[in-house]
Amino acid sequence: MSGEYVEAPQQDVVLYSRVRLSRNYEDLPFSAKMTHEHSEEVIRRTTDAVMESPQGHAYALVRLEDLSEDARSSLVEHNLISYDLLKFAQRSAAMISTGKTVTVMMGEEDHLRIQGLLPGLQLERCAELALSMDELLSEQNAFAFDSQWGFLTSSPASAGTGMRACVVMHLPALAQA
């Protein structure tokens with residue numbers, strides 16, 4: 001998270017909460033089979049949907065290939081993108097909200113990783129942020145979905161809701177055990 005001080009629930013123990021959704025466009029190959037043109041299509045569709053929305057002015061497009069190594073590392077350190085996104089820097093991008101609470105990563109293992117990120121213990125609010133962006137994007141483009149298996153992802157462990165939630169805690173007493 002950023003360096004400014006923010007009052008947040010349980011912030012004395014919980015550093016931050018994050019909810020991440022994995023999504024793939026139904027008509028494009030999954031990442032393992034994607035061409036450069038497919039990657040550009042993912043970025044174009046996602047950027048267009050976000051920028052055409054009422055909240056579009058609150059997002060900036062960041063193409064990883066245009067950033068220095070230090071700038072890329074800074075985004076990872078601030079939890080705005082995943083370390084795995086760096087593996088695909090030549091074909092990936094991210095839409096990052098000005099408040100740094102919502103990120104849409106494009107071109108990782110799945111076409112999209114939509115994340116809500118907030119300080120302290122705020123899992124429900126993180127889920128609301130991520131699901132709101134998911135809804136916005138799904139209004140423009142259909143995601144890969146199966147009535148039996150749910151959202152289809154590159155990892156079987158993420159299929160279904162495609163959701164992962166985490167809370168990062170500071171537990172100094174564990175180091176003394």
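Where is Lys100 found? Good morning, everyone, let's begin there. Lys100 sits in the loop between E3 and E4. Please keep in mind that we are looking at a predicted model. The phi of Lys100 is positive, near 60°, in a residue other than glycine.

You will find Asn79 in the loop between helix H2 (69–77) and H3. Is Asn79 buried or exposed? Asn79 is buried, at a relative accessible area of 15%.

Let's stay with loops for a moment and turn to Ser92. This serine belongs to the loop between helix H3 (83–86) and E3. Its relative accessibility is 2%, so Ser92 counts as buried. What does its side chain do? A polar atom there lies 2.9 Å from the backbone oxygen of Phe88. Leaving aside residues up to four places away in sequence, Ser92 touches Ile43, Arg63, Leu64, Leu85, Met106 and Gly107.

Now for the nonpolar cores. The largest has 27 residues, and the members that touch the most others are Val104, Met106, Leu112, Ile114, Met133 and Leu137. Two or more residues come from each of strand E1 (14–23), helix H1 (36–51), strand E3 (93–97), strand E4 (102–106), strand E5 (112–119) and helix H4 (123–140). Which element gives the largest share? That is H4, with seven residues. There is also a second, separate core of ten residues, and Val62, Leu80, Ala89 and Ile96 are among them.

Arg23 lies over the face of Phe151, 3.6 Å from the ring centre. Tyr25 has an arginine over its face as well: Arg45, at 5.2 Å from the ring centre.

How many aromatic pairs are there? The count comes to two. One of them joins Phe145 and Phe151 in an edge-to-face arrangement, with 5.0 Å centre to centre and 75° between the planes. Phe151 is thus the ring that has Arg23 over its face and Phe145 as its aromatic partner. Phe145 itself is exposed, because its relative accessible area of 51% is over 50%.

Methods. Residues are numbered from 1 along each chain as its sequence is written. This is a predicted model: local features need pLDDT of at least 70, side-chain atom pairs count only at pLDDT 80 or more; totals for chains, interfaces and linings use all residues. Side-chain values use heavy atoms; hydrogens and water are left out. Rings of Phe, Tyr and Trp (its six-membered ring) pair if their centres lie within 6.5 Å; planes under 30 degrees apart count as stacked, over 60 as edge-to-face and the rest as tilted. Buried means under 20% relative accessible area, exposed over 50%, partly exposed in between (1.4 Å probe, protein chains only). A charge sits over a ring if NZ of Lys or CZ of Arg is within 6 Å of the ring centre and within 35 degrees of the ring normal. A nonpolar core is a set of buried Ala, Val, Leu, Ile, Met, Phe, Trp, Tyr and Cys residues joined through side-chain atoms within 4.5 Å. Helices (H or I, at least four residues) and strands (E, at least two) are DSSP runs, numbered from the N terminus. A polar contact is a pair of N or O atoms within 3.5 Å; within protein, one must be able to donate a hydrogen and the other to accept it, and residues adjacent in sequence count only if both atoms are side-chain atoms. Contact means heavy atoms within 4.5 Å.
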